[in-house]
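Colleague: I would like to go through the terms used for this model one by one. Please set each value against its definition.

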Amino acid sequence: MSEAEAKQIERMKGLLAAQQSAFRTERHRPIDKRKADLDRIADLCRKNADAIAEAISKDFGNRAKQESVIAEIAFVIQDAAHAKKHLSKWMKTRKVGVPMTLMPGSATIRRDPKGVVGIVSPWNYPFQLAMAPLVAAIAAGCRAMIKPSEYTPATGDLMKSLLAEAFEEDHVTVITGGPAVGEAFTKLKFDHLFYTGSTQVGRLVAKAAAENLVPVTLELGGKSPAIVTPSYPQGPAAKSIGWGKFFNAGQTCVAPDYVLAPKGSEKALGEAIIAVAQHEFPEAASDDAYTAIVSDRHYERLNAMIEEARAAGAEILQPEHDAQAAQAARKIPPTVVINPPEDSRLMTEEIFGPVLPVMGYTELDAATDYVGDHDHPLALYVYSTDKTEANRILDNTMSGGVGVNINLLHLSVPDLPFGGIGGSGQGSYHGEAGFLTFTHERSVFRTGKWHPSRLLAPPYGKMYETVAEKQMS
Ligand code: NAD
């Protein structure tokens, strides 16, 4: 650990103490203040949109402003507006029924802020994946410390200065640093820890949180399949899958990771997907609309996956491109791999890049069995014009979320909880689900000074017998 990292770790312990103390002085941030907080988040996004998009592009080596606006900046603005609009309903104390035997009395559920929360974010959408959990935490009335990814330092530094202008340090703060800082951060005794990143690090985070019994949300990765059924026309399937896969050059947690298509149709579907990519990014490597791979490590990892499949005899489809220009720009052209071996890296690891295996299946049941034989994916995409068939696929599988005849955009529907299950994570956020993640639903049973339950205490008599008999019936 470097000296700077050691200092950063000491600093963050002090910040946690300051936030905890500030939270105790205002356990119930009033709704007007929360709304003003949400407005400040939306404002900083609007006012600094260019700077945010530039920082992200610098971190990636190239990312189109259009992608950053729609998937990161506007997303957070809409998220904050949605939370503000529904906040008073979300914050309301709920009344629930009281059984006859416990009457008279009232039972309610308060929605109390958990306290000081930690947010650990990854590099692939470095702004949105830190700010959307922050929106949820702020709506819930919490204070938050954010630890962004070290792979996107320009975005991390900008977020740190923008949030420092908008919030007091004891309300929202950003801690920058690498894995050592991340590890120390996740060992802090937060009131909730919200982690987005790889499954591998997610395991370590869950262990660190368990040491302190800190409740944890894990937004992890995995291999999200797209099942194309014979009923669905190939052109629209290729258009939808090609768009979702090559957006941000496939560096999206819910990008279709691989396609299961009826046997015999794999190559035609693959060619149609490549045609879509060619239309969207005519210049491939030099096209500014096409995002670069975030780091040399990931660039090499993706190339190694392609080469392994090629060596195993799988057919590789790519649009015509200038290989040298692509390498210089750290870009991997849109790539489809037809039927790579099931034990290849392409079919056993999350791809997280613009490389798409298309696998043939004989029966739909074989396709759903294949999905069921692996970790539950973060998303499952079904392309079918037959609602019964689509529902049958959903009945026979499990995943964090689902898109039917569409991909990626289920996460933009604000009232749909977003999260994984099992290997792809636990817990969820967005909309009210996010508010609830950072809220403790606190049960309150209220009675008057005298309550008939007192009659149930020993020495046991007639009243006890009557009530017990009723409860046992
Ligand atoms: P990563 O796990 O390498 O890093 C994520 C964060 O964890 C970073 O801030 C990093 O500094 C920190 N970290 C690293 N080591 C740590 C440790 N030992 N203890 C605590 N923190 C540590 O993930 P990544 O490569 O940045 O992101 C890619 C992964 O994230 C992919 O698997 C992707 O699918 C997943 N992802 C999931 C979602 C989702 O919403 N479910 C969204 C985006 C990305």
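Modeller: Helices are DSSP runs of H or I with at least four residues, strands are E runs of at least two, and both are numbered from the N terminus. Keep in mind that this is a predicted model.

Colleague: Where is alanine 249 in those terms?

Modeller: Alanine 249 sits in the loop between helix H9 (234-246) and strand E9 (258-262).

Colleague: What makes the phi of alanine 249 worth a remark?

Modeller: Most residues other than glycine have a negative phi. Alanine 249 is not glycine, and its phi is positive, near 50°.

Colleague: Why is the peptide bond from methionine 103 to proline 104 called cis?

Modeller: Its omega is near -5°. Proline 104 belongs to the loop between E1 and strand E2 (106-113). Proline 459 lies in the loop between strand E16 (439-446) and helix H17 (462-472). For context, most peptide bonds are trans.

Colleague: Why do glutamate 432 and arginine 94 count as a salt bridge?

Modeller: The cut-off is 4 Å between a side-chain nitrogen of Lys or Arg and a carboxyl oxygen of Asp or Glu. For glutamate 432 and arginine 94 the closest N and O atoms are 3.7 Å apart, so the pair passes.

Colleague: What does this pair tie together?

Modeller: Glutamate 432 is in helix H16 and arginine 94 in strand E1 (residues 94-96), so the bridge joins parts 338 residues apart in sequence. The whole structure has 27 salt bridges.

Colleague: How many salt bridges cross the interface of domain 1 and domain 2?

Modeller: The rule finds 0 there. Polar contacts do occur: 17 residue pairs, both partners at pLDDT 80 or more.

Colleague: What are the bounds of the two domains?

Modeller: Domain 1 covers 3-220 + 424-441, and domain 2 covers 225-419. Their C-alpha centres lie 30 Å apart.

Colleague: How do you know that the two domains touch?

Modeller: Contact requires heavy atoms within 4.5 Å. By that test, 24 residues of domain 1 meet 31 residues of domain 2. About 2,200 Å² is buried between them, 54% of it from carbon and sulfur atoms. Asn62, Glu67 and Trp123 supply 25% of the area that domain 1 buries, more than any other three residues.

Colleague: Which helices supply at least two residues each to the side of domain 1 that touches domain 2?

Modeller: Helix H3 (49-60), helix H4 (65-91) and helix H16 (431-437) do. H4 gives the largest share, 5 residues. By class, this side has 11 nonpolar, 9 polar and 4 charged residues.

Colleague: Which residues come nearest to the ligand?

Modeller: Of the 29 residues around the ligand, the nearest are Glu150, Tyr195, Ser198, Leu220 and Glu350.

Note on methods:
Residues numbered from 1 in each chain as written. Predicted model: local features only at pLDDT ≥ 70, side-chain atom pairs only at ≥ 80, totals over all residues. Heavy atoms only, no water. Domains from an automatic or database assignment. Buried area = accessible area lost by both parts, 1.4 Å probe. Polar contact = N/O pair within 3.5 Å; in protein donor to acceptor, adjacent residues only side chain to side chain. Nonpolar A, V, L, I, M, F, W, Y, C, P; charged D, E, K, R; others polar. Near = heavy atom within 4 Å.
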